[in-house]
Amino acid sequence: LSTLHFYYLSQRDGSPSKPDVTTSAATKSFSPEAIVGILEEDCQEQTFNDSTANDVAGGASPIRETDDIDGIELPERRHDDYECEDKFSFQYRDHDGSPLAGQPPSPSQSHQNDRTSRSHQHHSLPPRHLTLFDLVSIGVGGTIGSGIFVLNGLIAHSYAGPATFLSWMISGIAALLSGCCYAELSGRIPSAGSSYAYAFVALGELPAFVTAGMLTLEFLLSGSAVARSWGDKVVEWLRVELNVSERALHLLEPGYGINPAACFVSIATTVLVMAGVKESKMVTDFFTWIKVFLVGFMVIGGFALFNSSNFVPFVPPEFGASGVLRGAVSSFFGYLGFDAVCCVAGEAINAERNLPLSIMITLFFVTTLYISAAIALVAMQDYKDISPESGFPEAFKANGIEWAAQLTAFGEVFTLPVVVLISVMIQPRLQYALANDGLLPPMFGELDSTGNPKKGALFAGVLMTIFATAVPFSYLDDFVSAGILIAFTVTNCSLVIMRRESPEFNPHLLPKLLAWFNAFAFLTCLVVSHGLQSPIGWIVAFLLGSLSVFITTKISRQCPPMRSFGNAASKTAKFYGDKKYFSTPLVPYIPCFGMFANYFLISQLSFFGIGLLFTYSLVLVLFYFFYGSRNSVGRTEGWEQERYAMVEEHDNRSQPSIEAEMT
């Protein structure tokens with residue numbers, strides 16, 4: 001048995017030293033019944049058709065009909081000849097029920113031993129308690145808010161005029177292209193961390209860590225921006241609607257850029273998240289759908305007051321097409337949040353189905369509301385008169401409907417904090433994933449008895465409170481938008497890598513082509529945005545764009561599809577197989593078009609925002625080399641353990657058996 005085992009391992013590892021199995025006494029004297037027990041990895045990679053899988057689940061049919069190793073015909077193995085130990089390995093047993101000797105140790109057993117021996121232990125895995133309704137509530141609640149209540153009036157007044165809805169359509173298409181990639185990856189790798197988890201599997205540790213930093217901009221800083229916007233709206237509501245004296249309002253407007261109301265809502269949401277998962281979920285569901293009904297009321301009211309003359313001119317000459325594009329960049333900030341559901345993947349029930357479904361429902365729902373609200377706002381009031389701070393209340397007031405103005409203003413103040421709540425709720429989950437991989441200090445991976453990362457929530461809440469209280473909203477917009485667009489681009493790249501592979505004769509072709517595509521796509525967008533004033537700029541843009549299309553076509557033709565998702569790139573991805581998962585169509589075209597759209601939106605940003613993003617990225621890289629790389633699980637305990645850790649949330653709590661997963 002030992003000789004045969006070493007022979008199998010040497011064949012698998014490609015070692016030139018292989019014992020002569022055909023003349024081995026151990027092979028001749030050992031029962032072929034037990035040889036199957038050695039082939040653990042071979043069985044994991046075995047592919048079954050649907051009918052066989054159904055039979056196996058019932059314990060009737062053999063898993064494989066015959067195996068042949070060096071002329072030895074192996075007998076049929078029945079379902080009762082083995083038992084499933086966990087999601088990663090089979091423990092083979094003889095017909096009397098005793099384990100076969102000489103088996104490699106179970107990967108999951110060694111993984112569990114390593115995990116429990118880590119210095120950064122946590123109490124338990126978070127329980128799976130989020131239904132599809134909860135996931136959609138998180139996605140919709142975290143998305144709708146800044147788009148309709150903050151940005152709609154700003155874009156209509158300052159960037160696009162009546163064409164504001166076109167800005168929402170452009171940014172919505174960009175979000176949908178990336179949303180398809182998120183939908184597939186979230187179902188196949190339902191692990192906490194969102195883009196961080198996908199980048200880790202596909203690209204490696206450093207790109208994943210930088211991506212996690214970009215997600216922090218989305219969840220932490222965007223939450224701070226919304227909290228600050230809420231504080232401004234509270235002051236305006238008290239002054240206009242309730243006629244509060246200026247002396248009293250001085251407490252909420254002390255000057256020096258300080259926003260006490262934003263501080264209050266940040267602290268309140270942090271306390272609520274620390275109180276428990278159940279409480280946070282109930283409050284999120286309630287306020288999300290109150291907000292949806294409020295938006296529906298505003299849209300219906302706007303169409304009831306429709307004035308077609310407000311749409312002339314459709315694209316104001318002072319803005320032009322560039323204003324519509326600039327509005328698309330700003331409006332993309334309103335889509336930040338649909339991917340928040342991916343960060344709670346470890347707590348989702350039936351994650352393979354519910355996560356992709358919740359992402360697509362969220363995108364369709366919020367895009368419809370955004371476009372409808374943009375049309376309704378311009379229909380009520382001329383774009384020159386629309387308030388950039390409080391669009392709908394002022395528009396209703398201008399039409400003489402005071403009660404609708406008061407209801408809308410109160411509704412904005414009442415429901416907007418749910419965006420802050422979701423940001424405080426999501427950010428600790430990202431920190432939890434990083435801490436479990438050793439890239440953040442151990443306290444961020446600790447959970448209380450209910451599965452709540454209380455210490456991580458406190459840290460995120462304190463940071464959010466500081467930013468919301470002291471940093472003006474205008475300084476966060478472009479910076480945050482650029483960061484999350486980079487995270488979207490990384491996710492798109494990850495899907496291409498997990499769905500396509502380099503040809504055997506050129507094993508590094510795919511990563512090289514992706515690198516060139518990203519470079520040419522970004523340069524094309526820069527030239528289109530800033531260099532079309534001369535004929536040379538048009539020629540350069542055409543050449544760079546043509547190269548981007550050529551590289552995408554080359555990936556499609558020369559890099560064949562994986563035999564299974566992820567193939568040999570990761571045992572994590574290999575486990576999930578290809579059964580009943582959402583699959584993004586037209587790969588690599590849709591991911592590449594999504595990357596191009598993201599770069600185009602980035603090229604519209606201010607150089608200050610892009611420069612701030614580069615500085616922030618440099619800080620992330622330095623932190624990784626000074627702390628993360630020295631403490632990561634991959635370096636201290638082995639990369640194989642790290643791969644298993646990436647899907648620890650996807651365990652037997654939500655899987656009936658491994659047989660039902662196989663196809």
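## Ring pairs

Rings of Phe, Tyr and Trp (its six-membered ring) count as a pair when their centres lie within 6.5 Å. In this predicted model, ring pairs join F209, F623, Y624, F625 and Y627 into a cluster. The count of aromatic pairs under this rule comes to 29.

The cut-off for stacking is under 30 degrees. F133 sits in helix α7 (residues 132-143) and W289 in helix α14 (residues 277-304), so the pair ties together parts that are 156 residues apart in sequence.

F133 has 46% relative accessibility, so F133 counts as partly exposed. W289 has 23% relative accessibility and therefore also counts as partly exposed. The partly exposed class lies between two limits: buried is under 20%, and exposed is over 50%.

I290 belongs to a nonpolar patch on the surface. Two elements give two or more residues to the patch: α14 and α19 (402-415).

I290 is at 31% relative accessibility, so I290 counts as partly exposed. Patch residues need over 30% relative accessible area.

How values were computed:
Residues are numbered from 1 along each chain as its sequence is written. This is a predicted model: local features need pLDDT of at least 70, side-chain atom pairs count only at pLDDT 80 or more; totals for chains, interfaces and linings use all residues. Side-chain values use heavy atoms; hydrogens and water are left out. Rings of Phe, Tyr and Trp (its six-membered ring) pair if their centres lie within 6.5 Å; planes under 30 degrees apart count as stacked, over 60 as edge-to-face and the rest as tilted. Helices (H or I, at least four residues) and strands (E, at least two) are DSSP runs, numbered from the N terminus. Buried means under 20% relative accessible area, exposed over 50%, partly exposed in between (1.4 Å probe, protein chains only). Patches are made of residues with over 30% relative accessible area and no salt bridge: like charges are joined within 9 Å, nonpolar side chains (Val, Leu, Ile, Met, Phe, Trp, Tyr) within 5 Å. Accessible areas come from the Shrake-Rupley method with a 1.4 Å probe; for residues, only the protein chains shown count as cover. A salt bridge is a side-chain nitrogen of Lys or Arg within 4 Å of a carboxyl oxygen of Asp or Glu.
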